[in-house]
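Dear colleague,

I am handing over a structure that you have not worked with before. Please look at it first, and then read the notes that follow.

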Amino acid sequence: MDVSTKKRTLLKVMVLGDSGVGKTSLMNQYVYMKFNPHYKATIGADFVTKELQIDDKQVTLQIWDTAGQERFQSLGAAFYRGAECCVLVFDVNAHKSFEAMNTWREEFLKQADPDEPDNFPFILLGNKIDMDGGNSRVVSEKQAKEWCAFRGNIPYFETSAKEGYNVDEAFLCVAKTALAND
Ligand code: GTP
Ligand code: MG
């Protein structure tokens, strides 16, 4: 069969986490290979897409960026439904953003209401590991991994949207996880 006529699989992925942790920056680095040091808060939600080939499957990854400031207030529950994977992002230099991961995870499950909440796939990203050469970090890799282990072995990646470190690897895992849940 010709590649162009092959069926594409659309995978919906949500990216959640506190304001300023780097959700938009991670997506811009992944899709456009660009980084903007100036902060501009996301309003509402928007998505970007990335075409991937995973094994013999053509995949369109639809990545939804959300506003950390708004928590779950303005986006309706319908918005979260049908997501195949949820990416939770915190800043390794901001402890509060790590503490908030529980709430984001639980709120997502409440809103998206998946068939099997206990088995719904999340990916955790600890971002901004480049900051101050790692001297300003307050959440250790061990702490983050423990959080993941306690919740059914959630995959964990340490990333830098600024340096592009581990960003492709993290989103490839997101895509594969979403595909497995399709
Ligand atoms: P909201 O849209 O408000 O929810 O924030 P956000 O999570 O989308 O954060 P955003 O990507 O806008 O990044 C916030 C600030 O942190 C910006 O000034 C970015 O340039 C900066 N930033 C993001 N990722 C990194 C990183 O990996 N390293 C460093 N040093 N700065 C980063
Ligand atoms: Mg944003």
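In which sense do E1 and E3 pair, and over how many bridges? E1 and E3 pair in the parallel sense, over eight bridges, where two strands pair if DSSP finds at least two bridges between them. Please keep in mind that this is a predicted model, in which local features need pLDDT of at least 70 and side-chain atom pairs count only at pLDDT 80 or more, while totals for chains, interfaces and linings use all residues. Residues are numbered from 1 along each chain as its sequence is written, and chains are lettered from A and ligands numbered from 1 in the order in which they are written.

The chain has five helices and six strands, which are DSSP runs numbered from the N terminus (helices are H or I with at least four residues, strands E with at least two). Read along the sequence, these elements follow the pattern β-α-β-β-β-α-α-β-α-β-α. E2 and E3 form a hairpin with two residues between them, and Asp55 in the turn has a positive phi of about 55°.

The largest nonpolar core holds 44 residues, of which Val13, Met14 and Val87 touch the most other members. Such a core is a set of buried Ala, Val, Leu, Ile, Met, Phe, Trp, Tyr and Cys residues joined through C-beta atoms within 7 Å, and a residue is buried if 20 or more other C-beta atoms, placed from the backbone, lie within 10 Å of its own. The elements that give two or more residues to this core include strand E1 (8-16), strand E4 (85-91) and helix H5 (167-180). Not counting residues up to four places away in sequence, Met14 touches Trp64, Thr66, Tyr80, Ala83, Cys86, Val87 and Phe108, where touching requires C-beta atoms, placed from the backbone, within 7 Å. Buried residues make up 36% of the 182 residues in the chain.

Finally, 23 residues surround ligand 1, the closest being Gly22, Thr24, Ser25, Thr42 and Gly68; a residue is counted if its C-beta atom, placed from the backbone, lies within 6 Å of the molecule. Helix H1 (residues 23-32) gives the largest share of this shell, three residues.

With best wishes

How values were computed. Buried ≥ 20, exposed ≤ 12 C-beta atoms within 10 Å, placed from the backbone. Contact = placed C-beta atoms within 7 Å.
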